[in-house]
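Skim them in any order.

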Amino acid sequence: MKKTFGEKVVAFNKKLKFSGNLPEGFEVMNPFFDNPETITVMSKFYQKFYNDYHQRKFIIGINPSRRGAGVTGVPFTDTKRLETVCGIEMKSAYTHEISSVFLYDVIEHFGGVEVFYEKFYINSPFPLAIIRKTLKGNLNANYYDDKDLFEAVKPFMIQSLKDHIDLGLDTSEVFILGKKNATFIDKINSQEKFFEKMTVLEHPRYIQQYKIKEKQLYIDKYLIALNNAI
């Protein structure tokens with residue numbers, strides 16, 4: 001029997017495993033192995049919003065944060081918005097993540113979660129959280145923070161993008177969140193020819209941290225780009 005889009009995503013997430021070697025000081029965090037409830041809430045999310053066979057446009061983040069998808073298993077979705085907006089409670093954790101705040105403001109302006117997730121699928125080229133160990137504790141890390149780190153995860157990223165596309169994504173236009181992220185995705189795309197057109201948008205974290213006074217302008221920019229694609 002043919003799998004729905006959501007069933008394919010759940011199967012992809014359940015098989016996610018990175019077994020490569022990372023440079024000293026970096027570590028991968030796999031939320032699907034670290035917390036049993038993550039698989040449960042992630043599955044509920046994709047069953048609820050992706051229980052169909054529709055083709056969707058791809059929105060590409062960097063890699064999950066420890067407080068967003070690193071807990072819920074759902075990109076750019078902290079436990080607060082998972083419950084209050086998506087209607088899915090997570091009992092074992094409570095997180096507030098600023099990128100999630102911005103993205104869900106965009107989703108609300110777009111028409112709500114049902115309308116948005118019917119058209120778009122969000123994930124990352126490296127779909128597991130990366131942490132950097134420091135004397136002050138563990139910090140979020142981006143796959144491009146260190147040249148050796150990028151080289152270590154690049155093959156996994158390429159395979160991950162291929163697997164995402166196989167879920168049933170429209171590759172005519174892809175949305176990249178973050179200008180530096182776009183630089184690295186462009187390098188991969190030049191080699192692999194995954195996407196016909198790349199549209200770059202400022203990353204939600206950057207907007208929430210540095211451009212909060214102009215937030216509505218960035219929401220409008222997102223809405224124009226996303227609406228033009230459908």
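Which residues line the second largest pocket?

1. Ground rules: this is a predicted model, where local features need pLDDT of at least 70 and side-chain atom pairs count only at pLDDT 80 or more, while totals for chains, interfaces and linings use all residues. Numbering starts from 1 along each chain as its sequence is written, and side-chain values use heavy atoms, with hydrogens and water left out.

2. To the question: the second largest pocket is lined by Lys8, Ala11, Phe12, Lys15, Leu16, Lys17, Phe156, Gln159, Ser160, Asp163 and Leu167. Its volume is about 180 Å³. Helix 1 and helix 8 (147–166) each put at least two residues into that lining. On the terms: a pocket is an open set of points on a 1 Å grid over the protein atoms alone, with protein on both sides within 12 Å along at least five of seven lines; a cavity is a set where a 1.4 Å probe fits but cannot get out; and lining residues have an atom within 4 Å of a point. A volume is the space filled by probe spheres set on the points, which are joined across faces, edges and corners.

3. The largest pocket comes in at about 510 Å³. Of the 27 residues lining it, Ile62, Ser99, Asn142, His203 and Arg205 lie nearest its centre. Helix 10 gives the most, with 4 residues. Helices (H or I, at least four residues) and strands (E, at least two) are DSSP runs, numbered from the N terminus.

4. The search of the whole structure turns up 2 cavities of 30 Å³ or more. The largest cavity, at about 60 Å³, has Asn13 and Phe32 among its lining residues. The second largest cavity is about 30 Å³, and Phe45, Tyr46, Tyr50, Val74, Pro75, Tyr117 and Ile122 line it.

5. Back to helix 1 (residues 5–15): its axis and that of helix 3 (residues 36–49) come within 8 Å and cross at roughly 160 degrees. That makes the two roughly antiparallel (angles over 145 degrees count as such). Axes here are lines fitted to C-alpha atoms, for helices over the stretch in contact, and angles run from 0 to 180 degrees between N-to-C directions.

6. At this crossing, Gly6, Val9, Val10, Asn13 and Lys14 in helix 1 meet Ile39, Met42, Ser43 and Tyr46 in helix 3, where contact means heavy atoms within 4.5 Å.

Technical notes
Parallel < 35°, antiparallel > 145°, perpendicular 65-115°, else oblique.
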